[in-house]
Amino acid sequence: MRRLVDVIVGPDDAGPEGLAQAAAVLLGVERSRITGLDLKRRTIDARQRRVRLNVSLEVWVDEAFVPSTGPYAPSLPTLVGEPEVVIVGSGPAGLFAAWALARRGIRSVILERGADVRGRRPALARLNREGHLDQQTNYCFGEGGAGTFSDGKLYTRATKRGDVGLVLDLLVDVGAPERIRYDARPHIGTNRLPQVVTRFRELLEAAGVVVRFGARFESLLLNGQTVRGVRLADGEVITARAVILATGHSARDVYRSLFKQGVAMTAKGFAAGLRIEHPQALIDGLQYGASAGHRNLGAAPYSLSCTDEAGVGVYSFCMCPGGFIVAAATETDGVVINGMSPHARGSKFANSGLVVSLSPADVGGGVLGGLDYQAALERAAFTAGGGGFRAPAQRVTDFLARRVSADLPTCSYRPGLTSVDLWELLPRRISEPLAAGLRQFEQSMRGYVTAEAVMLGVESRSSSPLRIDRHETTCVSPSHRGLYPCGEGAGFAGGIVSAALDGVRVANALGS
Ligand SMILES: Cc1cc2nc3c(=O)[nH]c(=O)nc-3n(C[C@H](O)[C@H](O)[C@H](O)COP(=O)(O)OP(=O)(O)OC[C@H]3O[C@@H](n4cnc5c(N)ncnc54)[C@H](O)[C@@H]3O)c2cc1C
């Protein structure tokens, strides 16, 4: 017999034996009759620092246990004929679009400006060690897109936008840990993501999808207002009956090219600010109290949000427990900060973006105003950092006191830090809400504002500052037939899972 139960346990009992004992008590059976457990959902509840785990389980009683193993997602047919659809970008949106098209028997070619995963590693090493940026292959560009070297958090609020379970199942099939199927806050980790991405690509290629690296989209091939394919930076022309544009929100050259070609786009709100780093042990203590450091809990995350007196939103973004801050720049004169964590989240640092909501009216400059605003922030950070992608930084207590830090704590950001007054770098529209937000965060998480925490900038790419318009159900651009804007760069996603869901959605909307 198999029974579904929900148990609530402390960290000590969150291992397999503790869960089996708790399930036995709940079901009123001898522990020895339980042959196995299949976890369905696992949530850590750390309210009031009294840590409890809520676990939903399928309990196998008196029956030989057969652990669930993949494959979980439907398989792909073998594709024949010439590729009909061009997908620009091999991030989650592009990869999942290719998969969903393949499910429908439609063969596509994915064009990716950067290198494959293997080629990305030396480019990242050079950036971290020598401060040399490869503008085509970096933390944002290359196989798997911006999420390949990240924390790989897979939590999303976009559950109404598609089948999140399908995305997770597919990721497990290509090597992601099984637990992402039941953890309430699943993540893969930067040490495992590259292999997952490579295996995903190999799955697509085995079905007949063509994947090309070092193939940079330059412009649309147009016949009037109808898209006939794409032109690459080296002059090559590739024809197709449809183009799915999934180039992410860092490809500013793509936005500018589309703007020139008259593609319909709209400015939208976005967020910008800084990234903050604390010792992970400090965050563990603030979140988990006496249970801090427990092996069944791991490194503690946090999520903070508030509005200042003027109603401006300030929030933590892409929090990476046990992680590292990385140089996510794509332009040679701009510093951009982001974060990542390995699967075990074992580093001694906890970092998170701290960003302020901005509206198109705040940044001005029309449709491309947000791009210019982001770029100006990044250039100011580069100059203040003193070059080599060193980041301008300040202790959080000094930021609030408006004084330059006499020294800075050890930080995980490899290119290095330069001590500055961040108030001189940031527009008041960002620094003032940020300071107000920090004071409020300290109220809800006592000890968060500490001299041990350092803030560095700039966190300018949390979301796209514009939307490439598309029809709600057909997903076609209203200005250009055959053009399907997709994913985060088109303004329809924010994060790995929502970008993947959008890829599936666009592929399913594309006419046969
Ligand atoms: C360091 C870092 C950490 C992150 N951590 C997380 C996380 O933990 N969880 C999470 O949900 N999200 C995270 N994100 C955000 C997440 O990666 C993105 O939301 C997601 O990847 C967006 O998917 P996408 O497919 O829309 O675009 P992208 O992933 O940006 O992919 C776009 C692709 O298009 C390619 N491209 C761009 N221009 C061209 C061109 N002209 N020609 C050909 N190819 C082109 C790029 O090289 C890129 O591969 C992180 C991002 C970064 C940078």
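The following legends describe close-up views of a predicted model. Local features are given where pLDDT is at least 70, side-chain atom pairs count only at pLDDT 80 or more, and totals for chains, interfaces and linings use all residues. Residues are numbered from 1 along each chain as its sequence is written, and side-chain values use heavy atoms, with hydrogens and water left out.

**View 1. The domains of the protein chain.** The chain is divided into domain 1 (2-61), domain 2 (85-267 + 465-509) and domain 3 (270-370 + 378-459); such bounds come from an automatic or database domain assignment. Between the C-alpha centres of domain 1 and domain 2 there is a distance of 39 Å. In domain 1, 5 residues are in contact with 5 residues of domain 2, where contact means heavy atoms within 4.5 Å.

View 2. A nitrogen atom of the ligand lies 2.8 Å from a polar backbone atom of phenylalanine 217. For alanine 146, the distance from a polar backbone atom to an oxygen atom of the ligand is 2.9 Å. A polar backbone atom of glycine 495 is likewise 2.9 Å from an oxygen atom of the ligand. The ligand taken alone exposes 1,000 Å², of which the protein buries 95%; accessible areas come from the Shrake-Rupley method with a 1.4 Å probe. Helices (H or I, at least four residues) and strands (E, at least two) are DSSP runs, numbered from the N terminus.

View 3. Threonine 330 is in the loop between strand S15 (324-327) and S16. Its relative accessibility is 4%, so threonine 330 counts as buried; buried means under 20% relative accessible area, exposed over 50%, and partly exposed in between (1.4 Å probe, protein chains only). The side chains of threonine 330 and arginine 461 make a polar contact at 3.0 Å. Within protein, a polar contact is a pair of N or O atoms within 3.5 Å, of which one must be able to donate a hydrogen and the other to accept it; residues adjacent in sequence count only if both atoms are side-chain atoms. Leaving aside residues up to four places away in sequence, threonine 330 touches several residues, among them Leu133, Phe141 and Ser250.

**View 4. Glycine 334 in the loop between S15 and S16.** Glycine 334 belongs to the loop between S15 and S16 and is buried, with a relative accessible area of 3%. Not counting residues up to four places away in sequence, glycine 334 touches Ala329, Glu378, Arg379, Phe382 and Phe389.

**View 5. Threonine 226 and arginine 481.** Threonine 226 is placed in strand S8 (residues 226-232). With a relative accessible area of 13%, threonine 226 is buried. Its side chain makes a polar contact with the side chain of arginine 481 (3.0 Å).
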